[in-house]
Amino acid sequence: MFILNGIGLNNGLCLGKAHLIKIDDFNVEFNSIDKKKIKSEIDRFYKAIDKTINYIDTSIDSIESKFQKNELIALIAFNKLILKDPLIYEETPKIIKNHECNAEWALNNNLKLMIKNFEKIKDPYFKDRKKDVIDIVNKVMEVLLTAKKKIPNVTNKIIVTNNLSPYELLDLKKQNPKGLISATGSISSHIAIVAKNLNLPSIVGVKNATSLIRENDDVIIDSTLDSILINTDKNIKSFYVKKIKTFYSDIKKLEKIKRKKTLTLDKKRIYLRGTIDSPSEINKILNLNPDGIGLFRTEFLYEDANFSNTEKNHYKSYLSIAKKFKNKKVTFRTFDMGFDKNLNTKVDSPMGLRAVRYSLKNKDFFEIQMKSLLLVSLKFNINILVPFITSVQEVIEVRKIIKKVQNEISKKEKLRFKFKLGVMIEIPSTLFILEELSKLVDFFSIGTNDLIQFTLAADRNNADLNELSNPSHPAILKILQYLSLQSKKLNIPMSICGEVTNNIDFLKLLISYGFDDFSVSYSNFLSIKNSVLNLNFKALVAEYKKSNRYKINLLN
Ligand code: PEP
Ligand code: MG
């Protein structure tokens with residue numbers, strides 16, 4: 001038996017036989033062609049492009065959900081742009097003409113050039129798109145070579161692949177495979193987006209998966225642990241057979257609690273709101289009936305290749321969310337473009353020009369976002385949350401921008417903007433200026449991810465520092481207790497977001513400290529809610545008061 005790790009998607013589990021789909025590069029030969037046939041060779045190339053566009057347009061017809069379709073439309077638009085890029089669409093015919101050669105060779109040449117150009121790009125998001133370019137150009141190549149790949153039979157199998165395109169995955173899903181393991185892919189890659197939308201238990205970015213896993217190997221995917229177990233012994237296999245059964249029957253059972261108000265057994269109200277990391281999660285979280293949205297990371301709107309920084313785009317996105325969650329609290333966090341967010345900004349460090357720092361240095365950019373949010377606030381009550389605040393001065397500047405934009409919108413008319421302004425408490429400096437900040441804003445939201453990272457000087461993206469990034473470090477626990485007390489003393493609402501809220505054990509501790517408002521991820525939402533429904537608040541406080549994590553004893 002051996003174990004491989006990657007990036008788990010969909011919080012799913014499955015067990016089955018591996019089916020390998022290795023996709024090798026095309027072996028394209030140079031064939032010289034007669035001068036008289038050049039025109040028809042160029043026509044053949046254009047026809048292949050048209051056929052490919054037709055193929056990608058129809059490939060999404062199989063997806064029933066309108067929402068999932070929308071997400072793929074962005075990918076299709078990007079692929080069409082590639083196919084119509086002058087390097088492909090204009091240069092390939094030129095090469096055919098100049099070299100008097102076959103279309104396949106000309107196209108392959110251009111693909112190599114495009115790949116080289118992509119490799120020069122530093123931005124990780126665009127670098128990641130290299131794979132999309134290869135996928136779509138290979139599709140044209142396939143049409144030219146009329147070498148349609150034999151469709152593999154993956155029914156009830158776990159697909160193990162090195163290079164599957166998102167469209168091919170869509171095709172294969174019709175056969176009901178059990179899961180997917182991909183050697184390539186990151187959390188933002190299109191294969192991951194499609195796998196997530198298809199709700200297929202998947203692990204992506206598993207280096208060398210296709211050489212380490214063999215055809216018909218027994219495979220277990222546990223995406224809750226980001227792990228794949230290969231050829232396990234009988235005991236582990238039967239452990240997983242049971243685990244999978246209870247895992248899915250628990251999920252079914254949890255459906256029943258969706259409509260329930262989140263009250264502990266002794267009727268203490270706890271607010272569980274959704275965290276939205278990507279537009280694709282909005283409908284999924286809506287379906288779970290949360291107490292609103294605790295954190296909408298607006299920077300992720302840029303995940304959609306079609307999203308550009310226009311007022312219309314922002315307004316449309318925010319309005320549709322506010323509408324969907326009307327009468328519930330929705331917190332839009334202004335841009336936190338950051339080092340770790342794969343966006344097209346030049347942030348070279350998690351402590352660099354990110355979030356509110358970027359927004360205040362690029363006021364035109366920030367005003368567009370603010371204006372859109374304020375326009376939405378004319379129709380719905382919303383919360384606007386500003387990330388990465390380190391000083392009072394920054395909040396004053398944000399307030400000035402808000403005032404300026406409000407004046408622009410109202411043009412002497414008396415309008416009622418219905419919003420609350422909050423800041424994130426995620427940088428240790430804010431702990432010492434809470435009182436001053438509380439006079440400028442309506443609420444605080446603790447960003448535990450960064451608070452832990454900066455308090456413990458432990459880069460949250462460095463896997464070697466996992467042990468050090470410990471939420472239970474006495475310093476972090478003391479800070480959280482302090483914040484809970486300050487929230488009461490300063491009479492300002494304080495919610496909590498960040499990964500710790502997805503851990504029920506830690507969430508219980510936070511409840512015992514007096515917090516009651518949490519932003520939780522979609523995939524953990526119902527199981528967290530279920531645990532809270534079964535808590536006895538008074539008993540929990542009494543029990544936790546005795547524990548070391550409550551009476552923080554530094555020698556323990
Ligand atoms: C945090 O820092 O805890 C947080 C919620 O913000 P992000 O993870 O987006 O930095
Ligand atoms: Mg943060």
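Two elements of secondary structure, β10 (293–297) and α18 (448–455), each supply at least two residues of the shell around ligand 1, and α18 gives the most, with three residues. The model is a predicted one, in which local features need pLDDT of at least 70 and side-chain atom pairs count only at pLDDT 80 or more, while totals for chains, interfaces and linings use all residues. Residues are numbered from 1 along each chain as its sequence is written, chains are lettered from A and ligands numbered from 1 in the order in which they are written, and side-chain values use heavy atoms, with hydrogens and water left out.

The shell around ligand 1 holds 15 residues, of which Arg-297, Arg-333, Gly-447, Asn-449 and Arg-460 come nearest; a residue is counted as near if one of its heavy atoms lies within 4 Å of the molecule. By class, this shell has three nonpolar, four polar and eight charged residues, where Ala, Val, Leu, Ile, Met, Phe, Trp, Tyr, Cys and Pro count as nonpolar, Asp, Glu, Lys and Arg as charged, and the others, Gly among them, as polar. The side chain of Arg-297 places an N or O atom 2.7 Å from an oxygen atom of ligand 1, and the backbone of Asn-449 likewise has an N or O atom 2.7 Å from an oxygen atom of the ligand. For Asp-450, a backbone N or O atom lies 3.0 Å from an oxygen atom of ligand 1. On its own, ligand 1 has 280 Å² of accessible area, and the protein covers 100% of it; such areas come from the Shrake-Rupley method with a 1.4 Å probe, and for residues only the protein chains shown count as cover.

Because Glu-426 lies in the loop between β13 (419–425) and α17 (434–440) whereas Asp-450 belongs to helix α18, the pair ties together parts that are 24 residues apart in sequence. Glu-426 is buried at 2% relative accessibility, and Asp-450 is buried with a relative accessible area of 2%; buried means under 20% relative accessible area, exposed over 50%, and partly exposed in between (1.4 Å probe, protein chains only).

The structure holds 25 salt bridges, each being a side-chain nitrogen of Lys or Arg within 4 Å of a carboxyl oxygen of Asp or Glu. In one of them, Lys-39 pairs with Asp-43, their closest N and O atoms being 3.2 Å apart. These two residues are four apart in helix α1 (residues 38–59), so about one helical turn separates them; Lys-39 is exposed at 60% relative accessibility, and Asp-43 is partly exposed at 32%. Another salt bridge joins the side chains of Glu-142 and Lys-139 at 2.9 Å, N to O. Here too the separation is about one helical turn, because the residues are three apart in helix α7 (residues 130–144), but both Glu-142 and Lys-139 are buried.

A further salt bridge is formed by Lys-363 and Glu-397, with the closest N and O atoms 3.7 Å apart. This pair links distant parts of the chain, since Lys-363 is in helix α15 (residues 363–377) and Glu-397 in helix α16 (residues 392–410), 34 residues apart. Lys-363 is partly exposed, with a relative accessible area of 35%, and Glu-397 is partly exposed at 25%. Salt bridges that share partners also join Glu-299, Arg-333, Asp-336, Arg-354, Asp-450 and Arg-460 into one network.

Elsewhere in the chain, Lys-412, in the loop between α16 and β13, has a phi near 75°, a positive value in a residue other than glycine, and this lysine is exposed at 87% relative accessibility. Asn-231, in the loop between β8 and α11 (234–254), has a phi near 50°, again positive in a residue other than glycine, and is partly exposed at 26% relative accessibility.

How values were computed:
A polar contact is a pair of N or O atoms within 3.5 Å; within protein, one must be able to donate a hydrogen and the other to accept it, and residues adjacent in sequence count only if both atoms are side-chain atoms.
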